[in-house]
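Please work through the following exercises with the sequence and the model at hand. Each task is followed by a solution in steps.

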Amino acid sequence: MEINLISDTVTRPTPGMLEAMMNAKVGDDVFKNDPSVNALEEKVANYFGMEASLFFPSGTMANQTAIKLYTNPGDQLICDKYAHVYNYEGGGVSFNSGVSCKLVDGNRGMMTAEQVEQSINPPDFYHSPLTSLVCIENTTNKGGGACWDFDELKKIGKVCDNNNLKYHLDGARLWNALVAQQENPKDYGNLFDSISVCLSKGLGCPVGSVLVGSQELIDDALRVRKVLGGGMRQSGFLAAAGIYALDNHIDRLDEDHQKAKEIGEVLKGMRCIQKVEPIETNIIIFKLDESKISSENFLAKLKENNISIIGMGQGKLRIVTHLDYTQEMHSYFLEVLRELSK
Ligand SMILES: Cc1ncc(COP(=O)(O)O)c(C=O)c1O
């Protein structure tokens, strides 16, 4: 039994999902006549109560498209120091948009409205980059799957309105936050100018992300997606997986969250572990006491038991639960951890 907990992106399509893909009606989405892609885009836009949406091959491309549309070269966006758009999109903000990031020293990837306000450069002070965009991430990846307080998001929305800034949400794992916090997706649609969501993480699709926003934004996004090479042809096969996942894989995220909490409880009892970050969704970040065991040794011991987890740098390790992590694997993993702690 191989147990891969490095990310929730490692999942394979379930038999039901594969069947939906095999039966998909497809066209050519570059000509915008693929019925499955059109249906997915309509479904996701409705889910958030927004006007329109666009299917993308990746979350990175969806985020980068939004950033391109809201900024001009030389501008600055505000994000937390842990943000995916800053840390893990290959420097795309500067490569694609000629934009810099004002990094906020937030808590587990989350900033306060006050911190955002203080990070805005005065628009008439032409020596500084012009602040034009705020990017939020919910749940936070590097912050350990933390969920934002919706009231703080609303306060940041006010700061954006008052300062003429656009407001984008990187919602790669927004599904997890919605389930964990029992929130209404339409509240998010109401608040943000755009939201990117990933189908290929907790929802278990092989590929795909969706950018949601106003009709005008999505019309413009189509052009940027084209420039970035993101136009796909019979992508209805992939969109059908997305539709299946939206219908079948959202509510079950609770199971992933529950398993993550149970893993966290066992980790907390291990003498070689210094700290376990609070666990709200499917991501567990913890720090080893390196005087007792090095990260390399800990990873190697798990590997001997066919279990893979991943290092995050600075002595931190990450575990992510997901659709393909079964109850049987879970029991075995907890047993291995208990053995390791002896
Ligand atoms: C928070 C967050 N945003 C965006 C992405 C980018 O998604 P993709 O890998 O599809 O480009 C990821 C991927 O892990 C992510 O964790």
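**Exercise 1: a helix pair**

Determine how helix H13 and helix H14 pack.

Step 1. Helix H13 (residues 295-304) packs with helix H14 (residues 327-340) at an angle of about 130°, their axes being 11 Å apart. Helices are DSSP runs (H or I, at least four residues) numbered from the N terminus, and axes are lines fitted to C-alpha atoms over the stretch in contact, with angles running from 0 to 180 degrees between N-to-C directions.

Step 2. H13 is therefore oblique to H14, a class left over once angles under 35 degrees (roughly parallel), over 145 (roughly antiparallel) and 65 to 115 (roughly perpendicular) are set aside.

Step 3. Phe-298, Lys-301 and Leu-302 of H13 meet Phe-333, Val-336, Leu-337 and Leu-340 of H14, where contact means heavy atoms within 4.5 Å.

The model is predicted: local features need pLDDT of at least 70, side-chain atom pairs count only at pLDDT 80 or more, and totals for chains, interfaces and linings use all residues. Residues are numbered from 1 along each chain as its sequence is written, and side-chain values use heavy atoms, leaving out hydrogens and water.

**Exercise 2: Leu-337**

Step 1. Leu-337 is located in helix H14.

Technical notes:
Helices (H or I, at least four residues) and strands (E, at least two) are DSSP runs, numbered from the N terminus.
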